[in-house]
Structure formats: structure tokens, C-alpha cells
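Biologist: I should like to learn how to read a structure of this kind, feature by feature. Could you take me through it, giving the general idea before each case?

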Amino acid sequence: MKVYRIIQTALRALRRNPMRAALTTLGIIIGVGAVIAMMEIGNGSSAAIQKSIASMGADNLLVQPGTAASGGVSFGVGSVMTLTPEDAQAILRECPAVRAVAPVVRARTQVVYGSRNWVPFSIYGTTPAFLVVRDWTNLAQGEIFTDRDVRNANRVCLLGHTLVRELFQGDSPIGKDIRINNVSFKVVGVLSRKGANMMGMDQDDIVVAPWTAIKYRVAGAPLANVNQSSTSSSSSSSVNSLSQLYPGGQPELYPAPSATQAADTPMPVRFTNVDQILVTARNSEAIPQAISQITALLRARHRIHNGEPDDFHIRDMTEMTKVMSSTASLMTNLLLCVALISLVVGGVGIMNIMLVSVTERTHEIGLRMAVGARARDILRQFLVEAVVLCLAGGAMGILVGHGGSYLVKMLLHWPIATSPSAIIAAVLVSASVGIVFGYYPAWKASRMDPIEALRYE
Amino acid sequence: MQFIELRNIYKTYHIGDIDIPVLREVSLNVARGELVALMGTSGSGKSTLMNILGCLDRPTSGEYWLDGQEVSRRSADERALLRNRTVGFVFQSFNLLPRTSALENVMMPLAYARENLSDRQARRRSAELLERVGLGDRLDHLPSQLSGGQQQRVAIARSLINRPAILFADEPTGNLDSHTSEEILQMFKQLNAEEGITIVLVTHDAAVARLARRMIRIHDGVIESGAFVPGSNPAGSQQAVSQSAAGAQAIEGGT
């Protein structure tokens, strides 16, 4: 018997009792519809959750200079100056797994406006890419300083909300001049509110300015050179004049090499260092890739021989990435349970109705056997009927589920994300539900004795 | 050898520990192209006999030769194939599929046929058969829209769709009034005469049985008369000869 004729027969049989067929498929429609809706809503929310976790910096990487050690005493991360702004540019240029890079120069000093002053938690000298890295490009007011400002070391800055509150008391700071360590900076924008980070530190207590301006014009005590900069600790109190690029005298970039060392490794003199480089990977999956690419690149740029330790550290936000993946897998498992239960319920409904249908159509089965249907023909017929019912239910369910999630999107404004894999899974699952739950009734039908079946009233 | 030959068929039903013999030492034959009536009161075993003849059931013991083949020990699938190819059934209660058009009812057995007809061929053949039974203008009617006689005609058309060599009609007029009964019976007679289809009419009604040239009477699971084709003398069965003679007498007496 040809396939299309089997399906035709099944459709004809189902058409004979459309109401019952519709009620039977209702179980599957609801089941598959629930799965699709849940998948779409769930995917949407988990994407939204992941996005918000990502905005906390989950796919950020922090490249910091390495450790200085002398005579068995190590000075901790950031105690040598090995990172340059050129390193940052090279990372962006040559590491494909990296989306954005921002060099950071940090300072901690007093900020003054009029009669008020404040010491912000962090003063960041960086590039506009910093806001991309931190997912912070939506400003509350004003606009971001440009790459040109960075090149020219222009004295412009962005303020965090805490500073606006403390210095301006709610007035708009745009266009006003503040003084950072006695150097005046023009406020061009106000950052949107970000709140505290996971450690409870106020992220809005921040000034962001071109790194060149901070590096060359503001004499803050750079956090990086704890040990080497002791000679220049007095610089923060001295008045800055604009002609001085390195106010208060420049500390040695590197510990003075011995004569032998200098002969062995001739190093170009680096004029500029940055305290850290912030990197953001293309996505959370690309983090390990990004780490290895950056490591290889920086080792090459810093001419580190094989076997020698790195002169930098790369830190990732393992904790946050873990949170991210665990929310995602929790969500998926939860949905899987819901899906399974509703489909089993739908399948039991199918089995129930198919059993009734087999009993009701005993006469028909007897007749079909009398005119030459073999047991396997009957089995196939009822099985195909069940599968057709389930597939039709699955198709309807996809529409219902999609419509439902769309409704949720429209009415409740929940984020949704269509999931093609869920649709494929729904089709496969509804077909297998049809086979699994249709088999017993079909088998029962095929085992009938034609004489008994014909006599059945 | 005749078209149908039964030799010493026994059929016993086991209900619990009790054996109920339904057919006892039944031997009979039917020639190709014959129109035979199988007569008996209810409970006489005629339905069981017809089920065995129609390959729906298997005898407990004995031989059944159909068209030169021993079929009593065939498997269920092989018997299904035989029913599909060589046998047609007409039932008392018509047994049409409800909510299915006359045409599709007639087409139904083709779904299990080994010859693969295209959909159009199948429709054409069914339509031709419905025309032959006088329902050419009712192809798309549902059984519920047809009278009893018309329904039985659809059933007859269905039984002919696979061009069977033999037709079993189990009380075909049992649910019909006398006028339509007559029409249906004439149709059987016509089919027998024009197509040469062997027909076995199972009935308890003497008036129906009178249509047939030969009457096989069964009572309490034993053939009373008319078991053999007149003139055919199966060797080694004296009893059969006498039965045959008795059957011939009965027919004469009836007409």
C-alpha cells in the first residue's frame, strides 16, 4: 500500500469524526503550544538575563601588569609597568575574539567644583571604548568624549551620578569646569546610573576622562607603581602647570637593569604605560579564546622567551560567567520538565481516544480484515492515524504557542526569542508521542479476530 | 477436483473445559460457476461453515481445497491475501463504512490489493461497478443517504472490486423487504450467469434458497443433503453419494 494512500485513509477516518479528532489533538496542541510558548518566553528572559549579567561585565577581561619580585619578595599584581596603550591597540587589531579594548590609567585624587570637593572612588583615564567595554554607552546627559580628545589630551570628562550629586547637587554639570588635582576639566557628559557592583562598590562614584589627560596632566598617584613611585609621592600636592607633561618628575619605568641584563635584553625604552587594559570578548563563549590570543600576542610584543613567566596577568569574571551559565541551564531544565509532562498528558489523551476509537470501529476492523487487510495493515492504519493526529496537533501547537508568546510580548512586554530548535523538537516529539501512545491501541486493533469483530455489536 | 472441496472438516470450539463441536465430518464440493445455497436453521453451523469456506476461520481438522490449493493450514496473512484476491463477501448488515461515500466504500478493498492501481484507475473501476449495480448516479452518496437495497448494492459492488472467483453472501436479504430482496437476488443470479462467478448464498429462508440450482442443507453441524455437485462422485464416500441423491430429491421436491 502506498504511503500517500495510507495517509489518505487515515485522514478520511479522522474526517469521519472531526469533533473527536479535534478534542483528541487538543491535548497535543496544548502540550506543544505550552512548550513553544515556554521556550520562546524562557529563551527571551534568559537572553535578557544574560544580557544584563553581561552588562555587569561578565565577558570582560582585565589585563594587568605582572609582578615585580626581588630577592624572593614579590610585590603583587601591577607592581611593574609593562602594559602600553599600543598593547591595547594591538589586542583590538590582532585578536579576533575581542570586541572592544580600553586602556585604563587610574588615579585617586581630589575633585573640586566651586566650594565643594570630593574624592571619587575612581578616576579613569581611558578611551571612548571604555564605555563600550562596560556596556555603558547610554549617557544620562551630554555626550562621550572622542578619540580626538584622547589624542590631544583634551581636558574633558564624564561624571558618574554620585559626583554630580556631591559636587553639583542636582544642577546640570554639562559645560561646567571641575578641577581634578588643580587641573580644570570640562564636563561633557553624565554617565547613566549603574549602582553598586557585586562587591558593593559604588560604580557611579567615577570620573572618566581621556587617558592622555589623566596620565600627562593630572598628577595622581598611579596605583600601579606602589613600590617604584615612592620617590614621587609628593607630586599630588604640588600645583600643576600645563607645560609639565610629567608633573612631579617621572619615576623609573623599569628597575634599573644590571649591566649584564641590559646587554642580554636590549629593550626599547617605553615612555608610556597604562595601569590596566580592559577587554571585552565577542561573547561569553569566546572568553577562553580571547585569553589565549591576548596571551600569545602580549608575549610576542613583550619579547618573552619560551619558558619565561608572563609579565602580565589576565583576569576573567569566572564567578559571573558561572552564574550566567547556571541560570541558562536551570531555565532549560525547568522548561524540559514542563514540556515532558504536558506532552505525556497529551499522549495519554491520544491513547485514550484511540482505544475508544478502536472499540468503536471494531466492525470496520472486522470488515477490513474480511476484505483482505492483514494484521500489519490494520496496525499501520491506526498508528498512522495517531501520528497524523499528533503531527496536526503539533503544527497547531506551534501556532498556538507562538501566538501565545507573541501575546505575552504585546501585553506584558516580556522579551521573547523564537527558537527554531524548539519547533523542530516539538514536531519530532509529537510524532514520537503519536507512535508511542498510538502503538498499543493499534496493536490491539490488529490482534482482533475478524469473525468476532464482524459479529461485534 | 472441483473448485471447492471440503474433506472431513471438523470444527470444535473450546469454551472453558467444554468442547462444543460445531461442524462434524463435513465434506462437500462446489463447482466453478455454480450458484449454491447453504441452508440451515440458526445454530446449525452454517455461519461457521461459511467462515471456513471464506478463509476467515480455520477448521479444527480436515482438508479444504480452494481452486486446487489446500488452504486450511494457511497463516493469517496468507488467508488475508486469499480473501482479498479470490473471495468476495456480502453481509446481512451491509457493513459499509459510515460517513464514507459509496465510491470510497467500493474502493476500500483495493487498498489491500497487491496490484497497485493508481487513484484514477481505482475510481474508474469502482464507478463502473456501481453503475453495474444501478447506482451510477449515487457515487458520492453516504450510506445514510441510501436505502437498504441500495446499501446492499454498494456492498455487492465492493465485493466485486478485486474480481473474485467466488462470492459468499451471508443472509444478503435478511435486512431487506421482499421487493428489494427479489432485486438483490436477481442481481446475484445475473452475476452468476453473466460473469460466471461462483456464488454461495447462506440463508435460512427457503424462498431465497430456491434461487439456487443446488441446496446444501446443514443441521446440527452435519450436512444433511446436497453436499456434492450432481454427477461428481468423490471416491470412498458412500454416504456422500446417498446425501447427494437426497439433495437432488430435495431440490426436485422444492421446485
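Biologist: Which residue is the bridge partner of Glu5(B) in strand 2 of chain B?

Modeller: Strands of a sheet pair through backbone hydrogen bonds, either parallel or antiparallel. In this predicted model, Glu5(B) has Asn29(B) as its bridge partner in strand 2 of chain B. Strand 1 of chain B, residues 4-15, pairs with strand 2 of chain B in the antiparallel sense, over nine bridges.

Biologist: In what order do the four strands of the open sheet in chain B lie?

Modeller: The order is 2-1-4-5, with antiparallel pairing. At the edges are strand 2 (18-30) and strand 5 (69-70) of chain B, each of which pairs on one side only.

Biologist: How many residues does each chain bring to the contact between chain A and chain B?

Modeller: Chain B provides 21 residues and chain A provides 19 residues. On the side of chain B that touches chain A, helix 2 (residues 76-85) of chain B supplies the largest share, six residues. Sorted by class, that side of chain B has eleven nonpolar, five polar and five charged residues.

Biologist: How should I read a helix, and what span does helix 12 of chain A reach?

Modeller: An α-helix has 3.6 residues a turn, so residues three or four places apart point the same way. Helix 12 of chain A (residues 375-412) has 38 residues, and from its first C-alpha to its last it reaches 53 Å, close to the 56 Å expected at 1.5 Å a residue. After helix 12 of chain A comes His413(A), with a positive phi near 60°.

Biologist: Where does Gly134(B) lie, and why is Gly134(B) classed as partly exposed?

Modeller: Gly134(B) is in the loop between helix 4 (119-132) and helix 5 (148-160) of chain B. Gly134(B) counts as partly exposed because 14 other C-beta atoms lie within 10 Å, whereas a buried residue would need 20 or more. The C-alpha atoms of Gly134(B) and Ala157(B) are 9.9 Å apart, although 23 residues separate the two along the chain.

Biologist: What does chain A contain as a whole, in helices and strands?

Modeller: Chain A has 14 helices and 14 strands. Of its 457 residues, 42% are buried. Among contacts in chain A between residues at least 6 apart in sequence, 80% join residues at least 24 apart.

Biologist: Where in chain A does pLDDT stay under 50?

Modeller: Where pLDDT is low, the predicted coordinates should not be read in detail. Chain A has an average pLDDT of 82, and 86% of the residues score at least 70. Over residues 220-244 of chain A, however, pLDDT stays under 50, and the model has 52 contacts beyond four places in sequence for these residues.

Notes. Residues numbered from 1 in each chain as written. Chains lettered and ligands numbered in written order. Predicted model: local features only at pLDDT ≥ 70, side-chain atom pairs only at ≥ 80, totals over all residues. Contact = placed C-beta atoms within 7 Å. Helix = DSSP H or I, 4+ residues; strand = E, 2+ residues; numbered from the N terminus. Nonpolar A, V, L, I, M, F, W, Y, C, P; charged D, E, K, R; others polar. Expected span 1.5 Å × (residues − 1). Pairing = 2+ DSSP bridges. Buried ≥ 20, exposed ≤ 12 C-beta atoms within 10 Å, placed from the backbone. pLDDT = per-residue confidence, 0-100.
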